[in-house]
Amino acid sequence: MKITVLIITLFAIAFVGNWFLAPHKVSTAEAHVNKEGQTANVVVKGGYSPQTVVLKKGVPGKINFQMKDSTACLSHVVFDKLGVDKDLTKTPETTVEIPTDKAGEYDFACGMNMFHGKVVVK
């Protein structure tokens, strides 16, 4: 009996360690460019998908956050560098305009800073 408990405990420790310490795959997508500018869609459901969006420098950029989750934490998206804090619960899709005049990165997070993503301008 003690051996069984020890084995189960070791598996549980390994699982939790892997969950928090192992590198996780980050999804990346490039924006769709048309004559008006460029747009990318980010689905908000248990996090952000894709987590990283790539925009082209010099082309007006917009990110559409599509709300598919009723979790309170994900109800807002915050871009600290841009001074943006948008409530995503008011409409099914919320657009955030991203400056693309220079290359750089803009991190975003949920209102509680638990889920993260970023926009890369290059």
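Is Glu105 buried, exposed or partly exposed? Glu105 is partly exposed, with a relative accessible area of 38%. Here buried means under 20% relative accessible area, exposed means over 50%, and partly exposed lies in between (1.4 Å probe, protein chains only).

This is a predicted model, in which local features need pLDDT of at least 70, side-chain atom pairs count only at pLDDT 80 or more, and totals for chains, interfaces and linings use all residues. Residues are numbered from 1 along each chain as its sequence is written, and side-chain values use heavy atoms, with hydrogens and water left out.

**The salt bridge**

Side chains of opposite charge can pair when their charged atoms come close. The structure holds 1 salt bridge. The term requires a side-chain nitrogen of Lys or Arg within 4 Å of a carboxyl oxygen of Asp or Glu. Glu105 and Lys118 meet this way through their side chains, at 3.7 Å, N to O. Glu105 lies in strand E10 and Lys118 in strand E11 (residues 116-121), so the pair ties together parts that are 13 residues apart in sequence. Lys118 is partly exposed too, with a relative accessible area of 28%. Strands (E, at least two residues) are DSSP runs, numbered from the N terminus.

**Aromatic contacts**

A pair of aromatic rings is described by the distance of the centres and the angle of the planes. Rings of Phe, Tyr and Trp (its six-membered ring) pair if their centres lie within 6.5 Å; planes under 30 degrees apart count as stacked, over 60 as edge-to-face and the rest as tilted. A search of the whole structure finds 5 aromatic pairs. Two of them share Phe108:

| Pair | Geometry | Centre to centre | Angle between planes |
|---|---|---|---|
| Phe65 and Phe108 | edge-to-face | 5.3 Å | 80° |
| Phe79 and Phe108 | tilted | 5.2 Å | 40° |

Phe79 lies in strand E7 (residues 76-79) and Phe108 in strand E10, so this pair ties together parts that are 29 residues apart in sequence. Phe79 is buried, with a relative accessible area of 1%. Phe108 is buried at 2%. Phe65 is buried as well, at 0% relative accessibility. Together, Tyr48, Phe65, Phe79 and Phe108 form one aromatic cluster.

Another ring contact involves a charge. The charged end of Lys81 sits over the ring of Tyr106, 5.8 Å from its centre. The criterion is NZ of Lys or CZ of Arg within 6 Å of the ring centre and within 35 degrees of the ring normal.

**Strand pairing**

Strands of a sheet pair through backbone hydrogen bonds, either parallel or antiparallel. Two strands pair if DSSP finds at least two bridges between them. E6 is mostly covered, with 6 of its 7 residues buried. Strand E3 (residues 37-44) pairs with E6 in the parallel sense over 7 bridges. Val43 stands opposite Gln66 in E6. E6 also pairs with strand E9 (residues 93-98), in the antiparallel sense and over 6 bridges. There, Gly61 has Ile98 in E9 as its bridge partner.

Which strands form the open sheet? It has 6 strands in the order E1-E5-E11-E10-E7-E8, with mixed pairing. Strand E1 (28-30) and strand E8 (84-87) stand at the edges, each with a single partner strand, so one side of each is left without a neighbour in the sheet. E1 and strand E5 (residues 52-55) run parallel and are joined by 3 bridges. Ala29 stands opposite Val53 in E5.

Note on methods: Helices (H or I, at least four residues) and strands (E, at least two) are DSSP runs, numbered from the N terminus.
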